[in-house]
Amino acid sequence: MMAEDHVVTRRTVLRMLGTLGAAAGGLVAGVPGTVRAQALGQNESVQDAMKRLFGGKPIKDGAALIKLDLPLIAENGAVVPVSVNVDSPMTPTSYVKHIYVVADKNRIPVVTRVTLAPEAGRAFMGANIRLGESGDVRAIVEQSDGTLLQVKREVKVTVGGCGG
Amino acid sequence: MSDIGKVRLRVPTSIKPGDVVQVRSLVIHPMERIERDAQGKIIQRNYNYINKVIVTYLGKTVATFDTTQSVAENPFFSFTFKATDPGQLKVQFLDTTGGRYEGTVEIKFS
């Protein structure tokens with residue numbers, strides 16, 4: 001009897017916790033979630049986006065280390081494959097922390113920010129992105145020591161894919 | 001769209017211990033774009049798109065993608081991880097409406 005009581009209380013507590021958790025989850029996804037999403041992707045010019053993300057920190061040319069793979073001409077701007085490969089040892093002392101992909105001409109220029117751990121083994125990311133119109137696409141790499149490196153490539157878009 | 005949230009993961013067929021493995025992942029998701037009214041003003045509402053992708057291997061986070069609406073519909077992401085031990089690789093996709101979709105794959109050595 002005692003044991004059963006105990007089980008019931010535990011269950012009730014767990015259920016309560018579950019509801020709380022779900023509520024908290026909803027909250028995170030709802031209000032602050034949108035705030036966080038806006039914090040990364042906003043309707044702004046690329047200059048504002050760069051200023052917001054990196055402040056005034058100097059960004060060096062990373063052509064020697066970063067390989068940015070993009071089509072020269074994207075026939076359909078709605079789906080453009082992009083991949084970034086960075087030459088990095090990926091050890092706990094020296095690794096690539098973030099890879100940013102920024103499309104200059106998009107209304108929301110920041111496309112994605114990838115956070116990597118040394119366990120990734122290689123500093124690589126690939127994704128399908130949208131491009132509103134022809135323009136530069138840049139990959140910005142933040143290394144574990146805070147160094148910023150950038151490469152950019154121009155892509156010609158035949159049919160834009162960013163409606164809004 | 002009943003297919004929303006369908007996740008597909010693809011890993012190479014043969015993996016050796018210590019290999020850096022490239023994984024391709026795909027999720028079926030509309031990734032709604034910002035809509036504008038006739039005056040060109042943005043219609044404010046909570047657009048449903050994926051804003052976070054989390055990759056965990058053996059319980060450790062290997063990579064996270066913070067994404068915006070500039071990512072294509074039915075987004076495809078690829079990434080690498082270093083296969084040290086057999087175990088589970090999990091990819092979770094979170095969207096702005098609280099949706100949570102995940103795919104897992106068992107990493108085995110052959």
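**The side of chain B that touches chain A**

A: In this predicted model, strand E6 (residues 110-116) of chain A and strand E4 of chain B run antiparallel and are joined by five bridges. Within the facing strands, A:Thr115 stands opposite B:Thr64 in E4(B).

The contact as a whole draws on 37 residues from chain A and 35 residues from chain B. On the chain B side, the elements that give two or more residues are strand E2 (20-27), strand E3 (50-57), strand E4 (60-67) and strand E5 (76-82). Of these, E4(B) supplies the largest share, eight residues. Sorted by class, the side of chain B that touches chain A holds 14 nonpolar, 14 polar and seven charged residues.

Strand E7 (residues 123-129) of chain A pairs with E5(B) over two bridges, in the antiparallel sense. There, A:Gly126 stands opposite B:Ser78 in E5(B).

E5(B) also has a partner within chain B: E2(B) pairs with E5(B) over seven bridges, again in the antiparallel sense. In that pairing B:Val21 stands opposite B:Phe81 in E5(B). E5(B) therefore pairs with E7 of chain A and with E2(B). Both E2(B) and E5(B) are among the strands that give two or more residues to the side touching chain A.

Note on methods. Residues are numbered from 1 along each chain as its sequence is written. Chains are lettered from A and ligands numbered from 1 in the order in which they are written. This is a predicted model: local features need pLDDT of at least 70, side-chain atom pairs count only at pLDDT 80 or more; totals for chains, interfaces and linings use all residues. Two residues are in contact if their C-beta atoms, placed from the backbone, lie within 7 Å. Helices (H or I, at least four residues) and strands (E, at least two) are DSSP runs, numbered from the N terminus. Ala, Val, Leu, Ile, Met, Phe, Trp, Tyr, Cys and Pro count as nonpolar, Asp, Glu, Lys and Arg as charged, and the others, Gly among them, as polar.
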